[in-house]
Amino acid sequence: MTARAVTLLRGALGLVFVWFGALKVADVTPVADLVARTVPWMERGPLLVSLGAAEIALGAALWLGRRLRWVAAAALAHLLGTFLVLVVQPQVAFQAGNPLLLTTEGEFVVKNLVLITACLVLMSADQPRQAGHPLDTGNDHNEVEHAIREPHGGGANDRGAFEPKSAVTGIAPVVD
């Protein structure tokens, strides 16, 4: 996986969240009634606005790419909520009660497995890595991770900055 692929995935997932969220906030989404019937204990208007606003915030956070692991986890939790349709309204999701025969609404929900997988990929892409790891792009956006990788100032006179390190321990050997 390259850094570009992760960036494209963040952008695409962020776009979907912002777009679907805006449709909910504007109350022009084709799934408004489905959502309202799935969560009948909440009023339709405030439910759509709150879900839409949350989706817009998640999409914007995905675009920013900060705290990606946490943002992707929140998006994943949100997406898991869509599966309530299968439990609360199985007659709407399945043809003739057969869980293998999905309706349009059922397909709409089940496709979220792909979006959930995208969130899992983003969460794993945000894990701290050791320098030289195949996913290491050399572009450190995380200052703490950078400080751990490069504990020295990195100047030419800094004795530890250019010494080879053990592949097992990551510690430079002591040479007297």
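A: Arg44 and Asp27 meet through their side chains in a salt bridge, with 3.0 Å from N to O; a salt bridge here is a side-chain nitrogen of Lys or Arg within 4 Å of a carboxyl oxygen of Asp or Glu. This pair links distant parts of the chain, since Arg44 lies in helix H3 while Asp27 lies in the loop between H1 and helix H2 (32–38), 17 residues apart. Helices (H or I, at least four residues) and strands (E, at least two) are DSSP runs, numbered from the N terminus. The model is a predicted one, in which local features need pLDDT of at least 70 and side-chain atom pairs count only at pLDDT 80 or more, whereas totals for chains, interfaces and linings use all residues. Residues are numbered from 1 along each chain as its sequence is written, and side-chain values use heavy atoms, with hydrogens and water left out.

Arg44 counts as partly exposed because its relative accessibility is 32%, and Asp27 counts as partly exposed at 39%. The cut-offs are these: buried means under 20% relative accessible area, exposed means over 50%, and partly exposed lies in between, with a 1.4 Å probe and protein chains only.

Arg44 also forms a salt bridge with Asp33, and here the closest N and O atoms are 3.4 Å apart. This second pair again links distant parts of the chain, with Asp33 in helix H2 and Arg44 in helix H3, 11 residues apart. Asp33, at 43% relative accessibility, counts as partly exposed. Through salt bridges that share partners, Asp27, Asp33 and Arg44 are joined into one network.

The structure holds 3 salt bridges, and another of them brings together the side chains of Lys24 and Glu55, at 3.1 Å from N to O. Lys24 belongs to helix H1 and Glu55 to helix H3, so that this pair, 31 residues apart, links distant parts of the chain. Both Lys24 and Glu55 are buried.

The axes of H1 and helix H3 (residues 44–64) come within 7 Å and cross at roughly 160°. That makes H1 roughly antiparallel to H3, because angles over 145 degrees count as roughly antiparallel, under 35 as roughly parallel, 65 to 115 as roughly perpendicular and the rest as oblique. H1 passes H3 in a left-handed crossing, a term used if the near helix is turned anticlockwise from the far one by less than a right angle, with clockwise giving a right-handed crossing.

H3 also packs with helix H4 (residues 68–81), at an angle of about 150° and with their axes 10 Å apart. H3 and H4 are therefore roughly antiparallel to each other, and H3 passes H4 in a left-handed crossing.

Of the 176 residues of the protein chain, 29% count as buried.

Conventions
Axes are lines fitted to C-alpha atoms, for helices over the stretch in contact, and angles run from 0 to 180 degrees between N-to-C directions.
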